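Grab a pencil and work through each before reading the solution.

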Amino acid sequence: MPQQESRVKKSLLNARVNLIFYFLTLILSFFSRKIFLDTLGADFVGLTGTLQNLLGFLNLAELGIGSAIGYVLYKPLFEHDEGKINEIISVFGYLYRWIGFIILGAGLILACFLPLIFPDTQFEMGIIFFAYFAFLASSLIGYFANYKQTLLGADQKNYVVTAYFQTGNIVKVLIQMASAYYTGSYYLWVVIELVFGIIYSIILNWKINQVYPWLRSEVRLGKQLFKKYPEVMKYTRQLFVHKIGGFTQWQTTPFLIYAFVSLQTVAYYGNYTIIVEKINTFISNFLGSTGAGVGNLIAEGNKSKEYRVFWELVVIRFFVSGIIMFSIYMLIEPFISLWLGAEYILPRAVLIIILINFFLNLTRGATDQFLYGHGLFYDTWSPVVEAAIYITVAIIGGHFLGLEGVLLGSTVSLSLVIGCWKPYFLFTKGFKISIIKYWIGWWKYVFLILLSGILSYYFLSLIPIRPDEHWGTWIVYAIITTTIITLVETTLLLLFTQGMRDFVRRIIKK
């Protein structure tokens, strides 16, 4: 029981810290971007963004080792096996050091092509190279010095990383805003970026040593110890394929929309997705905080408790996604009309497909967490098939249906691989029970969410408010909409699902 309480408390603390810093950084990013654009110019903001994207591709060399190590740490953390934890972190440090050297080498080679990547620019090559190597150095710090932070994540103490990193990030941005406003210096902006990366690393490692005074990782012993943990590379190879599969789909969508529709449609679609993605990030930060707790729960070995918690996590994701989907459906069109103009509103069919994809992505989280907790990564064919289905359907659909057809690529691939295969994989290999139980529960939740939406739509139709008149009416309508759907969903889920009753009971106890 104390272990369970600790998991719940840590999950809630992780969620609370994530949400606080999410809102702080969201507000700050709105103001900082305005100041950077006004003082340093759109070209410099575009330059730094492009350089960071280039280095982001190099970071794919990480392969998923961090995720693999996180999984391997679950059991020794549950058993408080400090010797084994030291060995695993030593192996991680050894592997990350090699990845750091690979990224350094690739970064040096890429630097030779910077004059070709930026042939016509108002900036001197000096500032381009200076910014590039500063960003490269900041990235490498993570591989050579900050690798121990994976232990905090696996131990459900990711709030430590979030608190220190985001606090440092907020202070950094505030100082960059001041320097940009008073000096307008590109070099000073970049120097602040690098200096805070170093300061963050020093503080983080000090805090890790404080939390884990017994941690004595020795990178030089990692090579010998690496042979003792062959599962690390096995899981790394599997996770890398999953990582590449998702990355491919994410990067392909805008290009396919441009190819089959127009560049203008890419921008119009972007207006919708920027709103949906911000909400998705917000929800993922909140619900994703339970991930390490799931791994710890599985390490405990109590199958009945594990299965019950799974349905608690499923129901909360359905509950949240139902509220968000209905609210977006009712509010996004008047929002875009007030924000940009009615001409920017896309067909209702596009909105429905976007929301279906949002629902599939958000509700998959519980299944993904338990697959990860069980170490079930070896279905490496699934991301390949998912990407193939997506590209095939998106190309055919884009040719015949335009934007709706491209977006249906995600709907079909998510439904078949994420919606059907992943739960089957978890239930047969993880829980080792019939998948029929999952489908009975899943369709019951879908029915209750749809019924909640229909009832809420009826109640809202009785309220004579036009949300697209001005911002005041939109805000009032938004409050009424979210209140009604929340009350209706809560009532139905409490009445007809055990998972919701268990979840509410757990929260009340805490």
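**Exercise 1.** Work out how helix α14 and α19 are oriented to each other.

*Solution.* Step one: α14 (residues 303-339) packs on α19 at an angle of about 30°, with the axes 10 Å apart. Axes here are lines fitted to C-alpha atoms over the stretch in contact, and angles run from 0 to 180 degrees between N-to-C directions. Step two: that makes α14 roughly parallel to α19 (angles under 35 degrees count as roughly parallel, over 145 as roughly antiparallel, 65 to 115 as roughly perpendicular and the rest as oblique). Step three: residues in contact (heavy atoms within 4.5 Å) include Tyr307, Phe310 and Trp311 in α14, and Tyr438, Trp442 and Tyr445 in α19. By class, this contact of α14 with α19 has 15 nonpolar, four polar and one charged residues (Ala, Val, Leu, Ile, Met, Phe, Trp, Tyr, Cys and Pro are nonpolar, Asp, Glu, Lys and Arg charged, the others, Gly among them, polar).

A quick note: this is a predicted model, where local features need pLDDT of at least 70 and side-chain atom pairs count only at pLDDT 80 or more, while totals for chains, interfaces and linings use all residues. Residues are numbered from 1 along each chain as its sequence is written, and side-chain values use heavy atoms, leaving out hydrogens and water.

How values were computed:
Helix = DSSP H or I, 4+ residues; strand = E, 2+ residues; numbered from the N terminus.
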